[in-house]
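Me: I have a model open on my screen and would like to learn how to read it. Could you take me through it step by step?

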Amino acid sequence: MITQPRKTLYLSIESRLCDVALVGHAVRGVCACSPLKEEAYGEMEVCVVEALNNAITHAYRRQEGYRVDTAITLHHDRISFEVSDEGKAIEEFAPRSLEFDPEVIGSIPENGMGLFIIETLMDEVSYSSKNGRNTLSFCRYFTQPQA
């Protein structure tokens with residue numbers, strides 16, 4: 001069996017929230033070249049946009065002039081994403097849970113929603129911080145592994 005070589009698109013934006021949509025559009029374009037169903041394109045876009053927003057908002061504290069890098073890779077069995085920055089690292093990376101009373105607006109969490117969404121929609125999620133570079137990696141398999 002011959003597998004296709006992986007293909008990666010690298011994108012870099014300045015740490016401005018207004019530029020995040022550009023990467024979101026690119027995610028949809030790459031998804032169109034994958035075996036994913038069209039309904040999944042939006043999910044992939046939301047996850048990358050959330051990761052970029054987190055990097056700009058938390059790592060760089062919304063300060064402009066910094067770089068946020070994204071790598072979108074098509075593998076033979078999955079699509080993977082890496083969002084990297086050189087800002088403040090996530091202190092404790094752990095699976096998120098959302099526990100709140102939907103009837104009480106004040107109980108809705110202000111932080112952690114982005115990572116919760118990514119962890120819910122993706123098959124694998126990991127985070128590393130090495131040599132001042134923080135990378136959130138996540139992927140979705142084209143076919144779900146059999147249990």
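Me: Which strands each supply at least two residues of the lining of the second largest pocket?

Reply: Strand E1 (7-14), strand E2 (67-74), strand E3 (78-85), strand E4 (124-130) and strand E5 (133-141) each give at least two residues to that lining. Helices (H or I, at least four residues) and strands (E, at least two) are DSSP runs, numbered from the N terminus. A pocket is found on a 1 Å grid over the protein atoms alone, as an open set of points where a 1.4 Å probe fits, with protein on both sides within 12 Å along at least five of seven lines; lining residues have an atom within 4 Å of a point. Before we go on, note that this is a predicted model: local features need pLDDT of at least 70, side-chain atom pairs count only at pLDDT 80 or more, and totals for chains, interfaces and linings use all residues. Residues are numbered from 1 along each chain as its sequence is written, and side-chain values use heavy atoms, with hydrogens and water left out.

Me: Which strand gives the most to the lining of the second largest pocket?

Reply: E3 does, with four residues. The lining has 16 residues, and Thr73, His75, Ser80, Phe81 and Glu82 are the closest to the pocket centre.

Me: How do the residues of that lining divide into nonpolar, polar and charged?

Reply: Ala, Val, Leu, Ile, Met, Phe, Trp, Tyr, Cys and Pro count as nonpolar, Asp, Glu, Lys and Arg as charged, and the others, Gly among them, as polar. Here the lining divides into six nonpolar, six polar and four charged residues.

Me: How do I place the strands within the whole protein?

Reply: Start with the order of elements. The protein has three helices and five strands, and along the sequence they follow the pattern β-α-α-β-β-α-β-β.

Me: Let me pick one residue. Is Thr73 buried or exposed?

Reply: Buried means under 20% relative accessible area, exposed over 50%, and partly exposed in between (1.4 Å probe, protein chains only). Thr73 lies in strand E2 and is buried, because its relative accessible area is 9%. Across the protein, buried residues make up 36% of the 147 residues.

Me: Which residues does Thr73 touch?

Reply: A contact means heavy atoms within 4.5 Å. Not counting residues up to four places away in sequence, Thr73 touches Arg6, Lys7, Thr8, Arg78, Ile79 and Ser80. With Thr8 there is also a polar contact of 2.9 Å between the side chains. A polar contact is a pair of N or O atoms within 3.5 Å; within protein, one must be able to donate a hydrogen and the other to accept it, and residues adjacent in sequence count only if both atoms are side-chain atoms.

Me: Where is Glu45 found?

Reply: Glu45 is in helix H2 (residues 38-59). This glutamate is buried, since its relative accessible area is 17%. Leaving aside neighbours within four places in sequence, Glu45 is in contact with Gly24, His25, Val27 and Arg28. Glu45 and Ala21 are 24 residues apart in sequence and 9.1 Å apart in space, C-alpha to C-alpha.

Me: What is phi of Arg61 near?

Reply: Phi of Arg61 is near 50°, a positive value in a residue other than glycine. Arg62 also has a positive phi, of about 60°, although Arg62 is not a glycine. Arg61 is exposed, with a relative accessible area of 53%, and Arg62 is exposed at 55%.
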